[in-house]
Amino acid sequence: MASNVLEEIKQKIIKKLPDEVQLANIEFEGPEVVIYTKNPDIVADNGDLIRNLAKELRKRIIIRSDKSVLLPYDETIKKVEEIVPEDAEISNITFDEVTNEVVIEATKPGLVIGKYGVTSREIVRKTGWAPKILRTPPIRSDVIDRIRNTLMHNSKERKKILQTLGARIHQGGKYPNEWTRLTAMGGFKEVGRSCMLLQTPNSRVLLDCGVNVAGQDDKTKFPMLGVPEFSIQDLDAVVVSHAHLDHCGFIPYLYHYGYEGPVYCTTATRDLMTLLQMDYIDIAHRENNPLPFNVKHVQKMIKHTITLDYGVVTDISPDIKLTLHNAGHILGSAMCHFHIGDGAHNMLYTGDFKYERSRLLEPATTRFPRVESCVMESTYGGHEDVTPSRNNAEKELMKTIYKTLKRGGKVLVPVFAVGRAQELMIVLEEYMRHGMIDEVPIHLDGMIWEATAVHTARPEYLSKDLRDQIFHMGRNPFISESFNKVQNNAERKQIVEGEPSIILSTSGMMTGGNSVEYFKWLCEDKNNTIVFVGYQSEGSLGRKIQKGHKEIPLEDETGKTRVFNVKMDVKTIEGFSGHSNRRQLMEFAKRLHPRPDKIITCHGDPYKTVDLASSIHRSYKVETKTPLILEATRLQ
Ligand code: ZN
């Protein structure tokens, strides 16, 4: 039956295609239907034809040149260099053999596109390859280069993966539409290891698959994949809301145990998630605490990942269409909208979200075509979770830094590599440029630099203000000369013995990493200050210092444990969080349009999850649920 459905779609398309298309083949590749033509002119001017076909079939349709009309690599590079004006400053040309695209990186991408796309069309006509045009990023990202290499060197395998998946997605449904349910497998009435299974009549989809980095053993660290309704072999897709490890850290495990299906997320999430998973594996290895998966499985995940832009509706299984929307939490973070079985049910999973404009990102989306049920986070859902405004938080931070530098001290800020670090970088750069704090070096340690490189390579995810600043005012705060990438231990020594400065270092909760080393060097001088800007979980060293412990036993440089006397100033500044505070969560529930019939709260301490749910129920007359892990909720 399955192949009949595919054949039917093919025949429909063939009938609609005019002769000049010179059809070579039609293939189902992942969520897309791809038409291969022997006439590159059609690829250059496909606009209306594709739009009409896509509308009629309600599928994503792509037109590509057939292999037989593609120029060899060297001739293509020569042609591209002939066609594109030199001012474009091309920095790199590579080829994607899955999509038959020539990837052109240039300092001025507008010149590769040309007026009304005239230059890029010329490239297709002359070479057969469709140009994919990227801006040369100001900082090279190792992780993005690594992902590109993996995809390039495995193009045959990647194509096969997409074709197998295409056949699965576009085949008709197996069962009559009956019910939809959601099983909590992690991150309900707790923070960490977010994971849930969405079952529809014709699909099984996992939403997030994270780890709890503060978990003590395998029982509390990883999601409960042992529930009877879950089996890796029956899984159709994994959808990832964002790159934090508590939402994606356990995905490589699925590939270790036989998962062959796709992961859907934004491009920025794929890049950052790869970076954080690699680091997680690396740290676990160094601490002699190996994980049940390794780098090979991250590679396998990369090959199976399908990236989606915000707002693009995509078939991910026979009866689910997925659309990602901005969540305002970190770069690439998404709210995931599921349109199930010809509109029988619509579910929104918010992931972590911030319903307020930040320096980095636009606020989370609140308008959707339809929403019957919504699963929302409640990290700061307790009614006492009022945080100061961003403006006040920034002022407080500046005052603290100003005072510390004036008395000749150093400021240490332990931060998460992704999100908070870049927010602070923008704030510090601006205040320094305006002379509000002294111009001192800002040292970036740990993975902050690499995470920042991903931010500069994916500017399309940044807020409009920040993009305007970068592209129209020519001022990219991330590449300011005030920032210094710390390279090694010798440099660290120089920093702590040197002039006043600001140090941003991972890990954010001081559960390891260089922030702990800096602390040991700096804590016994009363001129220095440590500033906490993010959540410190119970049991972490960060929490202990924050609470005011003055005598902290830690290993010194010789490996012996000694007591460190905390004489430095200890400050906590709230208001920089990437999560919505209580007021913003309530406001989101109020503004969410259309209003859902049911709201399920997750991702929060038990009391906060319940407090938020009952307030939403009382204020907006919406049915609310607060499931525990292992509990399932029927949605339809
Ligand atoms: Zn998060």
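1. Basis. Residues are numbered from 1 along each chain as its sequence is written, and side-chain values use heavy atoms, with hydrogens and water left out. In this predicted model, local features need pLDDT of at least 70 and side-chain atom pairs count only at pLDDT 80 or more, while totals for chains, interfaces and linings use all residues.

2. H21 and H22. The axes of helix H21 (residues 582-591) and helix H22 (residues 606-620) come within 11 Å and cross at roughly 45°. Axes are lines fitted to C-alpha atoms, for helices over the stretch in contact; angles run from 0 to 180 degrees between N-to-C directions.

3. Arg582, Leu585, Met586, Ala589 and Lys590 of H21 meet Asp611, Leu612, Ser615, Ile616, Ser619 and Tyr620 of H22. By class, six are nonpolar, two polar and three charged.

4. H12 and H16. Helix H12 (residues 267-286) and helix H16 (residues 448-457) have axes within 10 Å, crossing at roughly 170°. So H12 runs roughly antiparallel to H16. Asp271, Leu272 and Leu275 of H12 touch Glu450, Ala451 and Val454 of H16.

5. H13. Seven of the ten residues in helix H13 (residues 295-304) are buried (under 20% relative accessible area, 1.4 Å probe, protein chains only). Among them are His297, Lys300, Lys303 and His304. The buried residues pack against elements including H12 and helix H7 (142-153). At the start of H13, a side-chain oxygen of Asn294 lies within 2.9 Å of the backbone nitrogen of Lys296.

Key: Helices (H or I, at least four residues) and strands (E, at least two) are DSSP runs, numbered from the N terminus. Contact means heavy atoms within 4.5 Å. Ala, Val, Leu, Ile, Met, Phe, Trp, Tyr, Cys and Pro count as nonpolar, Asp, Glu, Lys and Arg as charged, and the others, Gly among them, as polar. Angles under 35 degrees count as roughly parallel, over 145 as roughly antiparallel, 65 to 115 as roughly perpendicular and the rest as oblique. Buried means under 20% relative accessible area, exposed over 50%, partly exposed in between (1.4 Å probe, protein chains only). A polar contact is a pair of N or O atoms within 3.5 Å; within protein, one must be able to donate a hydrogen and the other to accept it, and residues adjacent in sequence count only if both atoms are side-chain atoms.
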